[in-house]
Structure formats: structure tokens, C-alpha cells
Amino acid sequence: MIEIKNVFYSYLDIIALNNINLEIKPGEAVALMGANGCGKSTLLKLMNGIISPERGSYRFDGEEITHKKLQDSKFSKQLHQRIGFVFQNSDTQLFCSSVFEEIAFGPRQMGLDELEVTKRVKDCLKLLNIENFENRIPYHLSGGEKRKVAIACVMSLNPDVLVLDEPMNGLDPKTQRWLVEFLVKLNKAGKTLIISTHNLELVHEISTRAILFNEEHTIVADMLTKELLKDIDLLKKVNLVDKYYH
Amino acid sequence: MHIPDNYLSPMTCAAMGAVMVPIWTKAVKKVKEEVSRVKIPMLGVGAAFSFLLMMFNVPLPGGTTGHAVGGTLLAVLLGPYAACISVTVALFIQAFLFGDGGILAFGANCFNMAFVSPFLGYFVYKLIKDNVKSQKGEYLGIAIGSYAGINVAALCAAIEFGIQPLLFKDSAGQALYCPYPLSVSIPAMTIPHLLVAGVVEMIFTVAIVAYIKKVSPGTIYEGAKERTNAIYGLILGLICLAPLGLLATGTAWGEWGTDEIKDVITGGNTLGFIPKGMSEGFNFSAVMPDYAIGGLPEIAGYILSAIAGVAVLIILFRVISSFKKDKVGSHNGSYRK
Amino acid sequence: MDHTESEMTDVPEWLLINENYIPLTDKDTFVNKSILSIFRVISRIKMQDSIQQTHLKINVPLNVLCTAILLILVSLTKSLIFVMIINVYLLSILCVTDTDRLIRILKLSVGVTLFTAIIMLPAFIQGNSYSSIMITTKVFASITAVGLLSHTTKWSLLTKALKRFYVPDIFILILDITIKYIYRLGELSLSMFYALKLRSVGKNNKKYTSMAGVAGTMFLQSMEMAEEMYHAMECRGFSGEYHRMEKSKFKWIDYFHIAIHIGFVVLYLYLGRVLS
């Protein structure tokens with residue numbers, strides 16, 4: 001599904017991705033882990049076609065994604081439909097004046113008829129357990145509610161791959177637990193999940209495989225999540241946890 | 001609509017700056033009275049909002065894009081006085097730090113965009129809103145207000161350009177600054193604004209106010225009680241003067257050739273937009289010999305030309321070599337272009 | 001995790017099948033262009049922050065003053081020679097500026113100069129050659145001078161320098177807040193445009209509504225930020241008055257800089273006399 005080979009990327013001379021090699025197969029649930037500023041978010045941006053690699057190659061479903069191809073609106077739109085991105089800050093993702101409009105935004109653009117659009121919106125609302133939100137204004141929702149709406153408006157596009165940037169951040173424990181179960185359900189339904197997270201307590205529930213970044217912006221471990229969590233020395237080495245962690 | 005330096009004479013700039021001083025003083029006083037809660041941060045953040053709004057590219061029919069100025073929008077959202085200060089600060093940063101719009105012409109730019117546009121737009125909006133008491137009346141007011149705001153501001157800029165050749169000529173009768181009279185500058189500035197920029201401004205303003213009204217109606221500025229005062233009087237005077245200016249130059253209306261109009265109009269269309277491209281054909285030293293002979297000893301002219309030539313060569317060489325370097329290790333990802 | 005098994009039933013059917021979607025074409029360059037212009041602003045602010053004030057740098061208030069004098073002289077002069085000398089001086093300085101900045105400064109000044117040249121073309125053809133060439137060369141000088149100043153100096157030092165010219169402290173504080181929030185709001189609106197782009201997978205029939213959503217949300221956020229900031233300032237004992245202290249000493253390069261600009265003033269007066 002996703003093939004990343006020898007990818008480098010930097011912002012204004014500051015390296016963000018340093019020789020990244022990664023392959024993700026359809027139906028996998030992968031967690032990206034690492035300390036703040038290690039390059040996780042940049043990699044997610046790259047996967048979603050917001051940026052293109054400076055060096056190296058990125059293939060999505062066999063097709064190479066290049067800067068030039070992304071300039072082609074038809075190509076990039078197709079990519080954006082197939083890979084959905086839930087931003088870390090849900091505020092930035094919501095810009096419509098009602099939850100219904102927000103979720104309907106994508107399906108309407110796809111040219112679905114209004115009946116199908118309404119069905120999708122209703123299904124998404126139900127799926128995310130926010131049925132009574134239909135006419136609320138996204139701007140005034142609470143943090144957790146906003147996150148749910150943001151996920152709903154990506155789900156309504158029916159992407160094959162769902163990318164989530166720190167989805168647990170800022171959620172209360174109950175909502176976190178709910179989100180874990182929701183993600184597991186999606187994965188079982190066949191969706192590929194790529195999740196960046198700092199949450200060491202829940203990471204093994206939402207992912208089977210974990211990718212660990214070090215502070216040199218490169219991948220140091222690619223193994224089963226359960227095993228990675230046991231390797232405390234490694235977690236210490238990449239500055240993800242301190243000496244009090246056990 | 002950002003006027004760069006040297007299009008207007010320094011005297012015009014000084015005069016426009018002088019006009020702005022009492023307006024700024026009054027605005028600061030008014031804002032201190034009206035906005036009791038968040039005063040200073042609101043002005044700074046409002047200015048940041050105003051600055052960024054000018055960066056937004058608004059879709060135009062046919063797939064192209066245009067810029068909004070947002071003078072009336074800010075006046076409706078924050079009140080005309082706070083809008084005046086916010087736009088002033090935004091224009092200051094554009095001129096001083098981003099090189100967009102002249103430093104000497106700062107007063108003139110503020111007059112057009114921080115004073116005329118928000119105050120006139122707000123006045124028209126208030127007038128219609130108070131007379132047509134319905135939701136429709138309010139949006140009609142915003143639409144007409146923003147359309148009038150940007151167009152009269154463009155007209156003011158045109159008049160500032162147009163009076164230059166009348167007032168500032170050298171002994172040979174050649175214009176020292178903007179060489180176009182009112183008969184050229186007015187249509188060149190106003191036609192694109194009337195047809196395109198004004199419409200963009202209008203739709204954008206209405207859409208934003210509608211969104212904010214729906215989402216968070218409490219945030220929008222509640223107008224003060226009094227309405228007509230000195231500043232509105234001044235603006236009304238300006239509106240009355242504008243057609244007079246048009247009439248006075250009406251005799252010259254048919255005098256320009258078609259090529260010239262086309263040139264000026266397409267030029268005016270992009271005024272406020274700076275073409276950002278490198279020109280390979282830029283040849284500075286070639287301009288020099290013809291004109292460098294005037295009042296300098298010949299040897300000084302040679303030295304000057306030599307320095308210019310060397311400087312241009314060094315710069316060209318460095319620019320070209322940097323392009324080559326870029327091509328090899330290009331990391332200008334999709335959003336850096 | 002077994003309890004989730006039973007919930008499989010409530011995953012809607014359309015979510016289980018692959019979409020096979022072929023995008024509709026739409027003209028939506030406005031999103032990309034907005035992203036580009038906001039990104040430019042943000043990276044410009046980031047860039048100026050990394051400028052080091054070394055001992056070879058000219059005293060900032062002095063530099064501001066000299067640039068202002070230069071702008072006024074260029075604007076006032078009727079001598080093309082004078083404008084040319086200033087241009088040559090500015091080009092020589094550009095030569096010793098690092099390449100990245102050099103290109104950024106030139107991009108703007110050459111761009112505006114070309115634009116001016118096009119605007120002046122009809123006047124030139126009509127025989128008004130003197131003023132067309134004058135204005136075009138003057139525009140190049142002014143924009144380059146301002147570009148050199150703003151590209152080689154940290155902006156916080158530039159705004160601080162304004163204090164030397166009796167600009168009220170409160171105005172300087174507002175300027176600093178504005179720059180900071182252009183950055184913050186800029187990042188926010190940039191993410192919003194990315195989000196809009198990622199979700200714009202087909203034909204958007206309500207482009208203005210989407211744009212208004214982005215701008216409107218940005219406004220509401222900015223008002224919240226302003227209120228937050230006010231409270232934070234109040235908590236730190238801010239009463240509405242604001243004073244800054246600044247002391248600086250002149251170095252040899254500053255005296256050199258003063259000498260050059262005195263030279264320009266003398267030259268301006270001399271050439272003015274020659275012409276009349």
C-alpha cells in the first residue's frame with residue numbers, strides 16, 4: 001500500500017526526515033512513535049501528499065507520488081480520497097457552519113446524490129456516536145467532540161488508509177478508550193491505520209506494529225508493538241521515556 | 001492598491017501623512033473608549049488578521065484568483081476605529097518589513113485603505129441597516145458597503161496618481177512623478193475595481209460575516225449610537241468631490257488611443273499584486289551610458305559604470321549558481337515551490 | 001478486544017467496499033495560491049529570526065535613519081545621475097549579501113521595477129521618456145534599500161529601533177504582537193487550507209463558503225487569542241503602560257556608514273545645484 005524508500009526532507013535547512021525506509025501493507029495497523037520533533041508529523045504530511053520527498057521515493061498503491069504529479073489536481077484529489085488525514089488540532093480541520101455540512105463536504109464534492117450524501121452523514125454520525133450533533137456548530141464543540149467530528153468528516157470520504165496525528169491528545173480517559181475501540185473496529189473492517197502517538201498505555205491496543213524514530217530523524221526500530229514496549233532501554237535511548245519509566 | 005514609493009511626490013506623501021495624523025489620534029482615543037476589555041492585544045491580533053486576510057486568494061470566475069482587502073469587513077467586525085488602526089498596523093508591516101507598498105507613500109496608502117475604505121464601507125452599511133430593518137437589509141448594507149468601500153478607495157488612489165502631472169513638472173513640462181493625468185488614472189484604477197476586485201470584496205465580505213453571524217454572533221462589533229460626525233462628513237465631501245473630478249476631466253475622455261488604454265488597464269488590474277519573477281534580461285549597465293553623461297565628469301561616469309557592471313555580474317553569477325545548486329538537491333517540496 | 005467483534009454489524013456497508021472514485025475536475029487554484037502566499041509570509045518571519053547581529057552589522061537605529069534619508073533623497077532628486085549612484089551603491093552592497101537573501105531582495109525589487117516599467121511604457125512612447133526612466137530607476141532604488149534593511153536585520157530590533165524616533169512604546173508593542181500573531185494565525189490558516197485541500201476531493205460548488213469558513217474561523221480564533229493574551233498580560237501586572245530600554249554604542253562601521261550617507265546628501269545638493 002505504502003512504500004517509502006530512502007526519503008529525506010528538510011525545512012529551511014533543518015532536517016526533518018533522514019533516510020526513511022518503510023513499507024505498510026493493506027489492512028495493517030501501524031503506530032509511529034518517537035520524541036517531540038522527531039519527524040513523525042512530517043512523515044504523515046508526506047504520506048498525505050502535502051509535501052513531497054526531497055530525495056528518495058514514495059509510492060502509494062504502486063504509483064510513485066512526486067511533486068509534479070501532486071500539481072495535477074485530478075491525481076492529487078484521487079490520492080486525497082484514498083488516504084484520509086485527521087489533524088492533530090481538530091480546530092484547523094473544521095470550517096463549516098454545521099456538523100452536517102462539515103461531514104457532507106467531502107461526499108458532496110465526490111458528486112454523490114443528496115440522498116446518498118445524507119445516508120453517509122447519518123451513518124458517520126451514528127458510527128462516531130454523535131447522532132444528536134447534526135445541527136450543532138463545530139466551532140463551539142468541546143475538544144473531544146471536535147475530534148469525533150473531524151474523524152467523521154474524513155470517514156465520509158471512505159478512504160482506504162486512515163492517518164491520525166496524535167489522536168489521543170487532549171482527550172479525557174473515557175473518550176480515549178472509546179477512540180481505541182473505534183479504531184480497532186475500523187481496522188477489522190479492513191481499513192489501514194497509521195497513527196502517530198505518545199500514548200504508551202494504549203498504543204498496543206490500536207496497533208500491532210510499531211515504528212520508532214530517534215532524535216536524528218531516522219527509524220531505529222520496526223517491530224511488534226508489544227515487543228517494543230518491553231525494550232525499555234531502546235525507548236530511553238530515543239528520549240521517549242526517562243529513567244523513572246518501567 | 002498598495003502604492004509604491006516614487007509614484008507620488010514627497011509633498012503629496014507628506015500631505016497625506018498629515019491628513020492621517022488627526023484621524024489616527026481620533027481612532028486611538030475612540031478605541032480606548034469603546035473597546036474596554038481587550039484593548040491592546042485585540043489591536044495587534046486584529047492587525048495580524050487583517051494582514052493575513054490580504055494573503056488570501058479568492059476564486060474568480062474562470063479559475064483565476066484575486067485578493068481581498070477587507071477594510072469594510074474589519075469595520076463591520078471590529079468597528080471602524082479599531083479597523084482603521086488594525087489596517088494601519090498591517091500596512092506598516094507590509095511596507096516596512098515586507099517591502100509591499102512605499103514607506104514615504106505610507107500616509108497615502110493608509111488614507112485609501114485604512115481610512116476611506118473602512119469608514120465609508122461602515123457608513124454605507126450602517127445607513128442601509130438602519131433604514132431597512134431586516135436580515136436582508138443588513139446583508140445588503142454589507143454588500144453595498146464593501147463594494148463602495150473598495151471602489152472609492154481605488155478612486156482616491158487614482159486621484160492621487162492623477163494630480164501628480166498637474167502639480168509636479170520640471171521646467172521642460174515633463175512630469176516628475178506619475179505621468180498619467182486623471183483622465184487615464186481614474187479609468188485605469190476604477191474599471192478593474194468596479195468590475196472585478198469590488199465584486200470579489202463584496203462576496204467575500206458577505207460570506208465571512210454570514211459565517212461569523214451564524215457561528216458566534218456575539219463577537220461582532222455593536223455600533224455606537226451617534227452616527228454622523230466629522231469623519232463621515234469628510235467622507236461624504238469626498239464622495240461629492242469624486243464625480244466633480246470626473247466631470248472636470250470629462251473633456252479629455254476620448255483622447256487616448258486604444259493601445260494605451262489597454263496597456264494601462266491591464267496594468268491597473270494587477271496593481272497591488274507584485275509580479276514575483278526573476279528577469280534574465282535585466283540589464284542595468286546598458287541603461288547607464290545613455291544617461292550617465294549629464295552632470296558628472298566623464299571619468300566619474302566610467303567609474304560608476306564599471307562598479308555597476310561588476311556588481312551586476314557578481315549578482316547574476318551568484319543567482320545563476322544558486323539556481324544550479326537548487327536543481328541538484330532541490331528540496332523545495334510541494335508547498336515551497 | 002473480543003467485545004468489538006459484535007459491533008462489526010454497525011459499520012455501514014459503504015465503508016466496507018472500495019470506492020473506485022474518479023475525481024471530477026474543478027478550478028481550485030485559489031487554495032494552492034493561498035497556501036503559497038501564507039507559507040511565504042511564515043517562512044519570511046522564520047528567516048528573519050535567525051539573523052545574527054554580529055559586530056560587522058550596522059547599528060540598527062542608524063541603519064533605519066540612513067535608509068529613510070536615502071528614500072527621501074531618491075524621491076526628491078531630479079538628477080538621474082544621483083539615482084544611478086544610489087543604485088550602484090545598493091548593488092555593491094547586494095554583492096556582499098548572502099545569496100539566499102540576495103535573491104529574495106532582488107525578486108521583489110526587480111519584480112516591482114518591471115511592473116513599473118510596464119506601467120510607464122505608454123508614457124515613454126508618448127515622449128515622456130525622462131519621467132518614465134526616472135520613476136523606474138527610483139522604484140528599484142527604494143525597494144532595494146528597504147529590502148536590504150528588512151532582510152539583514154532582526155525584526156524585533158527594527159521595531160525596537162523605532163523608539164529612537166519617538167514612536168510611542170505602545171505602538172511598538174502592538175507591532176511586536178502583530179508580527180507574532182501573523183505567525184501564529186498564519187500557521188493556523190495554513191493548516192486550515194491544507195485541511196480544505198485534503199478534503200476537496202472533487203468539485204466544490206461553494207468555494208466562497210469554504211473560504212469564508214477559513215477566514216471566519218481565523219477571526220474567531222484571533223479574538224479568543226486576544227482575550228487570552230490580555231488576561232495573561234493582566235496576570236503579569238500589565239497596566240496599559242509599556243516602556244523599553246535601549247542602549248547602544250557606535251562602532252567604526254557605523255561611522256563609515258554615516259560618512260557614506262553624508263556623502264550622499266552632499267552629492268544630492270551638488271547635483272541639484274548643477275541641474276538648476
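The contact (heavy atoms within 4.5 Å) takes in 45 residues of chain A and 46 residues of chain C. This is a predicted model, where local features need pLDDT of at least 70 and side-chain atom pairs count only at pLDDT 80 or more, while totals for chains, interfaces and linings use all residues. Residues are numbered from 1 along each chain as its sequence is written, chains are lettered from A in the order in which they are written, and side-chain values use heavy atoms, with hydrogens and water left out.

About 4,400 Å² is buried between chain A and chain C, with carbon and sulfur atoms giving 62% of that; buried area here is the accessible area (1.4 Å probe) that two parts lose on being put together, summed over both. As for polar links, 14 residue pairs across this interface are in polar contact, both residues at pLDDT 80 or more. A polar contact is a pair of N or O atoms within 3.5 Å; within protein, one must be able to donate a hydrogen and the other to accept it, and residues adjacent in sequence count only if both atoms are side-chain atoms.

The rule also finds one salt bridge across the interface of chain A and chain C, that is, a side-chain nitrogen of Lys or Arg within 4 Å of a carboxyl oxygen of Asp or Glu. A:Glu102 pairs up with C:Arg199 in a salt bridge, the closest N and O atoms being 3.2 Å apart.

Then there is chain C's surface: C:Leu65, C:Ile69, C:Phe165, C:Val265 and C:Leu269 make a nonpolar patch of about 380 Å². Patch residues have over 30% relative accessible area and no salt bridge, with like charges joined within 9 Å and nonpolar side chains (Val, Leu, Ile, Met, Phe, Trp, Tyr) within 5 Å; accessible areas come from the Shrake-Rupley method with a 1.4 Å probe, and for residues only the protein chains shown count as cover.
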